[in-house]
Number of protein chains: 2
Amino acid sequence: MAASIKDVAKMAGVSVGTVSRALNGYTDVSEKTRKKIKDISADLGYTPNVSAKNLSSKNNKNVAMIASGLLDEKQTDDFTMALIKGAYTYMNRHQLSIATYAISSEDQKVKGFEEFCREFSLSGALLFGLKVTDKYVENICDSKIPCVTVDIRVEGEQIGSVITDDERAFEEITQYVIDRNHRKLILVYGRKQAMVAKLRYRGFCKALKKNNINIKDVPVLDSNFIETQAYEKTKELLLKKGQDAGSVFICMSDITAFGVARAIRDCGYRVPEDFSVTGYDGISFGRYVEPRITTIDQNVMQKGYEAGKLLDRILKGNATEKTVIVPHSLLERESVRRL
Amino acid sequence: MAASIKDVAKMAGVSVGTVSRALNGYTDVSEKTRKKIKDISADLGYTPNVSAKNLSSKNNKNVAMIASGLLDEKQTDDFTMALIKGAYTYMNRHQLSIATYAISSEDQKVKGFEEFCREFSLSGALLFGLKVTDKYVENICDSKIPCVTVDIRVEGEQIGSVITDDERAFEEITQYVIDRNHRKLILVYGRKQAMVAKLRYRGFCKALKKNNINIKDVPVLDSNFIETQAYEKTKELLLKKGQDAGSVFICMSDITAFGVARAIRDCGYRVPEDFSVTGYDGISFGRYVEPRITTIDQNVMQKGYEAGKLLDRILKGNATEKTVIVPHSLLERESVRRL
DNA sequence: ATGAAAGCGCTAACAC
DNA sequence: GTGTTAGCGCTTTCAT
């Protein structure tokens, strides 16, 4: 049997209460006693049991990253990974513990957010991969449990959000393309119901308007954020219209941009000589894919880091701002030609 | 305040003991009582608290995925993600709960494996990203806590391992290349101390021997599994020797194969016309990178799934075989030319 | 088939 | 500055 607080107390010749106080940094313990207790704890390899702490105290600070869509096998992305890394890095640097749980949209219907937190004694959570239709979105609004949503803005007393200014970012990259004298744009849309897609679309329209390009003239290809779908739609368009289709494909994700570029190649054209292509996301693998696609880098890892930080602040009651916009950056590479 | 077992007991007019038994599927509860209790639990939105369960019972089945190297920001890979997905999928399908924790090599020195499990009341763990030099490797051998290591074989009563037959896989791909009449091979080595690299090297040598190729004649480039390093070393070699360097680069990872291919291109050569290249891993992004590199697919997601399954079995005491070799497959693409 | 009660490891309020 | 003790929510004997 492993050492418990009792063993430490016994060995140190003090009460368990004193051990608890000594180890938790209370000031009303003599330095001498504290030192002795710490030494003995170390000797015994004593580690406080989190479950017991959770039960007895209301001031625990267990946080979790709850990821929806972690179980979906569909599309590969390294978002979740980067996000986890970012969040864990923050927590690690601040000596906080964090664990990741996967909760599918289905699971959310069965067990609410509060129930989940209660079940695992969580005092706060990072929510990632939530869809606007997910049950938790509703749940967290009705709840008082601190949480931070990533990529989706939710209002609430104890709710923070970490987002990218998708609208502005997409306007930026669209403007970038227009600045290189492209006028016949083709938009490769993401998932219909996705909030981010809507925001990016808004930015797109804004840029067009500013430059007097009629949105009606822009062909829109639905990709559902899937590479193969972008590929098919692009191929179809190219087979039908060839270079008359337009001069540049503006994509709502890097993955779909890959599909588009592949279709362009397979139809016998070149990027960027015949068609220009832009992406969005800045996924890490983008650097390996030729031609290297010009894109918006979302800085996902930083997003994770900021999410962790924000939750920490909310938990401590000193979150001045509840919405953090993580700066994006235009990653200029070689997929856009100047006309 | 949320509903506890007491509330349910009170509402149902029974004792807490009965509620506990009813909800945990004990047979010595009348169906009538059980039904009533279940209904009331549902009404109240009652969710058993895991911490309390952990404290009071020794039969808890909390498992965790403990990933070393999750905090490293270095190289991006989608291994960990695929592995997590696989493991979570298994757990999800079998109604088990799992959480992921990140433990750096440094952390392992501070707190041992047993202590960690005790701290979080874990009854078993999946270990991923362990290096042979990591403290936990030693720890798990001295421990009786069930665990499964991925990609590293550890012997022990309660230890399972899920691996790829790296030696055979690497021999296979080497033979594949030789079968296409390549004789002047160049090996791009992984990380010096990595066990997997050693095994792959062994397979490489085996293939050479079988085909009477002298290992002494094969230039070896150290990549440390890093793309840029593979790039630099390749460039250096090509600048010095040009096509005399050899006809094919056999790489110990896909990432390094990307670096090699990039260097080849930058030196004005083409893949596979001037140089052939092979990878290893089967990372999901491989399908987007041109030229598409022929490689060994490790089926990482299945590895995660198998790891979850194996741990489950060990926990239940019915693991017949403690080492699971997940089948790999040769992914033939277009980076190897037949001479 | 069910109730009563001890106890898991710890914290926090209170007493001294 | 330190000891004592009542819980936290649950499981699990032991009675009945």
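Colleague: Which residues come nearest to DNA strand D?
Modeller: In this predicted model, A:Thr18, A:Arg21, A:Thr33, B:Ile5 and B:Ser20 come nearest, out of 31 residues around DNA strand D.

Colleague: What makes a residue count as near the strand?
Modeller: One of its heavy atoms must lie within 4 Å of the strand. The 31 residues around DNA strand D are counted on that basis.

Colleague: How much of DNA strand D that comes within 4 Å of the protein is sugar and phosphate?
Modeller: Sugar and phosphate make up 67% of those atoms.

Colleague: What makes the pair between A:Ser30 and DNA strand D a polar contact?
Modeller: The cut-off is 3.5 Å between N or O atoms. A backbone N or O atom of A:Ser30 lies 2.9 Å from a phosphate oxygen of DNA strand D. That value is within 3.5 Å, so the pair qualifies.

Colleague: How do you know that B:Asn49 and B:Lys53 qualify for DNA strand D?
Modeller: B:Asn49 has a backbone N or O atom 3.1 Å from a phosphate oxygen. For B:Lys53, a polar side-chain atom lies 3.5 Å from a phosphate oxygen. Both values are within 3.5 Å, so both pairs count.

Colleague: Which helix gives the most to the surface near DNA strand D?
Modeller: H4(B), with 4 residues. By class, that surface divides into 10 nonpolar, 16 polar and 5 charged residues.

Colleague: Which helix gives the most to the surface near DNA strand C?
Modeller: H4(A), with 4 residues. That surface holds 10 nonpolar, 15 polar and 5 charged residues.

Colleague: Why are the two copies said to be related as by a two-fold rotation axis?
Modeller: Chain A can be laid on chain B by a turn of 180° and a shift of 0.1 Å along the axis, with an RMSD of 0.1 Å. The two copies are therefore related as by a two-fold rotation axis. The same surface serves both copies, since 100% of the contact residues of chain A recur in chain B.

Definitions and conventions:
Residues are numbered from 1 along each chain as its sequence is written. Chains are lettered from A and ligands numbered from 1 in the order in which they are written. This is a predicted model: local features need pLDDT of at least 70, side-chain atom pairs count only at pLDDT 80 or more; totals for chains, interfaces and linings use all residues. Side-chain values use heavy atoms; hydrogens and water are left out. Copies are superposed by least squares on the C-alpha atoms of residues with pLDDT of at least 70 in both. Contact means heavy atoms within 4.5 Å. Helices (H or I, at least four residues) and strands (E, at least two) are DSSP runs, numbered from the N terminus. Ala, Val, Leu, Ile, Met, Phe, Trp, Tyr, Cys and Pro count as nonpolar, Asp, Glu, Lys and Arg as charged, and the others, Gly among them, as polar. A polar contact is a pair of N or O atoms within 3.5 Å; within protein, one must be able to donate a hydrogen and the other to accept it, and residues adjacent in sequence count only if both atoms are side-chain atoms.
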